[in-house]
Amino acid sequence: MTVISVVKDAEARTLTITARFDAPIARVWQIWSDPRQLERWWGPPSHPATVTEHDLAPGGTIRYHMTGPEGDRHGGWFRVRAVDPPHTLELDAGVADAGGHQRPDTPTAVIRVALSEPAGGGTQMEISTAWADDEAMEWMLATGTDAGMTAAAGQIDELLGLPARA
Amino acid sequence: MTSMKFTPAHATSTAICPGPGSGTGSSVTRVALASGADSVSELARRYPISFAAVHKHVATLERAGLVTKTRHGREQRVRGDAAALRSAHRLLDDLEALWHGRIDRIERILAHPTERAPQ
């Protein structure tokens, strides 16, 4: 079993999922550090991601969009809060507007990644995502699953039209 | 490992844990939910923590939209928002499924290291 632990905290709107992979830590780090690999797993199968900018340095930005079967595009971005290869990575995640530009006024989640080498070999990856509010959770659902992508394209437009939250 | 800055205290848990957090803040929420409405001072009496600590937890839960605070004369009453809690639970369940999909895809990428060479 790849996923070995799931911890959900509804009050903190936090999901921590821990998985173990049969690969060296440097190899697992590449799924974040190599944009060509990142775009193969971030988006759902029906909406593959295209990473257009990838600066995995503190303060750096990663931009991507996902393209649906109708050619519809849904943009997003990460901002690197902290990075310590190949062990830890901390990202702000947010929505991009229709033109693919990031909206720094609307951070929606903080993603913390921690890689370690357990005694039994392989690599353990813990990914903890803390969402700012329910809308942020809805947004990641809408842009993370096939069903969400199909059903919620309109909702995303609505979300993007929302005024910035305080 | 000293570089594991982001490891939460529960990281060693190997059990699937579907419930909310087990800290005092969530206890306050549960009590507020169970009793419909409660005063901050009553909550402080009921728990071995200070009035200020209860205030802090309630403020956190209020910011998260999980409780609402109303003033009745000299008392501040706290009401848990059951709908918001259920909503957050449901969303987390769906988000867990989303991440299982991502982990599966990562696993497949790692299983075929030569499929596409890293940059």
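Author: A residue is called buried when its relative accessible area is under 20%. Please bear in mind throughout that this is a predicted model.

Reader: What makes strand 1 of chain A largely enclosed by the rest of the structure?

Author: Strand 1 of chain A covers residues 3-9, and five of its seven residues are buried, so the strand is largely enclosed by the rest of the structure. For chain A as a whole, 57% of the 166 residues count as buried.

Reader: Why are A:W41 and B:W99 called an aromatic pair, and why is the pair called tilted?

Author: Ring centres must lie within 6.5 Å to pair, and planes under 30 degrees apart count as stacked, over 60 as edge-to-face and the rest as tilted. The centres of A:W41 and B:W99 are 6.2 Å apart, with 50° between the planes. The distance meets the limit and the angle falls in the remaining class, so the pair is tilted.

Reader: What makes this pair a link between two chains?

Author: A:W41 lies in helix 2 (residues 35-41) of chain A, whereas B:W99 lies in helix 4 (residues 82-111) of chain B, so the pair joins two chains. A:W41 and B:W99 also belong to one aromatic cluster, together with A:W32, A:W42, A:Y64 and A:F78.

Reader: Why do both A:W41 and B:W99 count as buried?

Author: The relative accessible area of A:W41 is 0%, and that of B:W99 is 0%. The limit is under 20%, so the term buried applies.

Reader: How do you know that the charged end of B:R102 sits over the ring of A:W42?

Author: The distance criterion is that CZ of Arg be within 6 Å of the ring centre, and the direction must be within 35 degrees of the ring normal. The charged end of B:R102 is 3.6 Å from the centre of the A:W42 ring and sits over it. B:R102 also lies over the face of B:W99, at 4.7 Å from the ring centre.

Technical notes:
Residues are numbered from 1 along each chain as its sequence is written. Chains are lettered from A and ligands numbered from 1 in the order in which they are written. This is a predicted model: local features need pLDDT of at least 70, side-chain atom pairs count only at pLDDT 80 or more; totals for chains, interfaces and linings use all residues. Side-chain values use heavy atoms; hydrogens and water are left out. Rings of Phe, Tyr and Trp (its six-membered ring) pair if their centres lie within 6.5 Å; planes under 30 degrees apart count as stacked, over 60 as edge-to-face and the rest as tilted. Helices (H or I, at least four residues) and strands (E, at least two) are DSSP runs, numbered from the N terminus. Buried means under 20% relative accessible area, exposed over 50%, partly exposed in between (1.4 Å probe, protein chains only).
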